[in-house]
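Hello,

Here is the structure we spoke about. Please look it over first, then read the notes below it.

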Amino acid sequence: MIKVGVTGGIGSGKTLVCEIFGHLGVPVFNADIEAKELYNTDKEVIEQVQQLFGHDIYHKGKLRKDILAKIIFNDSKALDKVNAIVHPKVREYFLSWAEKQTSKYVIEEAAILFESNAYLDLDYIINVHARQESRIERVMKRDNISKEQVISRIKNQLCDEKRMKLADFTIYNDDNRMLLPQVVDIHQKILSKR
Ligand code: ATP
């Protein structure tokens, strides 16, 4: 089973690109969505988060995201600790999900593929690239948030130059570039591997 990562900065178009791969029959695992779910579904994650921040960080079995966000915002070490709990779990879930798929290859979509070490499990990485101005505009519109809020999220991610260097393929997602031919080209290249 070939494992492929799709990454890119916030608003670059990862989800859109993965939807196209999905239409081509490639199973997609969304690590960001999975990570959010794990906080409320995985017993070990719940226990470890409670050990760190106390039982009140959960209310009626649901993580109090606002409280965790406040803690993390003021304490970067707390963020590292939470990541150390969640990232290995997501990798574990991805690998067991991948084993169950029957396609020639699978995709893991994640905003922080390199930062979380998820790339270590992957054979190829695709970086989705878009100009920062386009990304800011798209995310402001999609999430109804301010320019400053988008920029602060961008600052928490690896810069695109580094991502591009580390990736095997780059998909350009700016207004004048068609996604479909780029995706089909990479799809065919991956299918011809091994
Ligand atoms: P995030 O990191 O926040 O999950 P993402 O990389 O998955 O973002 P998408 O959600 O796919 O990005 O795209 C961000 C927004 O921009 C979406 O609303 C999407 O519909 C829109 N979008 C993506 N690509 C384009 C494009 N080429 N032209 C116009 N809008 C686009």
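**Sheet and helices**

S2 and S5 pair in the parallel sense over 3 bridges; two strands pair if DSSP finds at least two bridges between them. Strands (E, at least two residues) and helices (H or I, at least four) are DSSP runs, numbered from the N terminus. The model is predicted, so local features need pLDDT of at least 70 and side-chain atom pairs pLDDT 80 or more, while totals for chains, interfaces and linings use all residues. Residues are numbered from 1 along each chain as its sequence is written, and side-chain values use heavy atoms, without hydrogens and water.

Within this pair, phenylalanine 29 stands opposite glutamate 108 in S5. Both strands belong to an open sheet of 5 strands in the order S2-S5-S1-S6-S7, with parallel pairing. Strand S2 (28–30) and strand S7 (169–172) are at the edges with a single partner strand each, so one side of each has no neighbour in the sheet.

Helix H3 (residues 43–53) packs against helix H5 (residues 76–100) at an angle of about 170°, with the axes 10 Å apart. Axes are lines fitted to C-alpha atoms, for helices over the stretch in contact, and angles run from 0 to 180 degrees between N-to-C directions. H3 is therefore roughly antiparallel to H5 (angles over 145 degrees count as such). On the H3 side, the contact (heavy atoms within 4.5 Å) includes Glu44 and Val45.

H5 also lies across strand S1 (2–8), S2 and S5, running at about 155° to S5.

Regards

Methods. Parallel < 35°, antiparallel > 145°, perpendicular 65-115°, else oblique.
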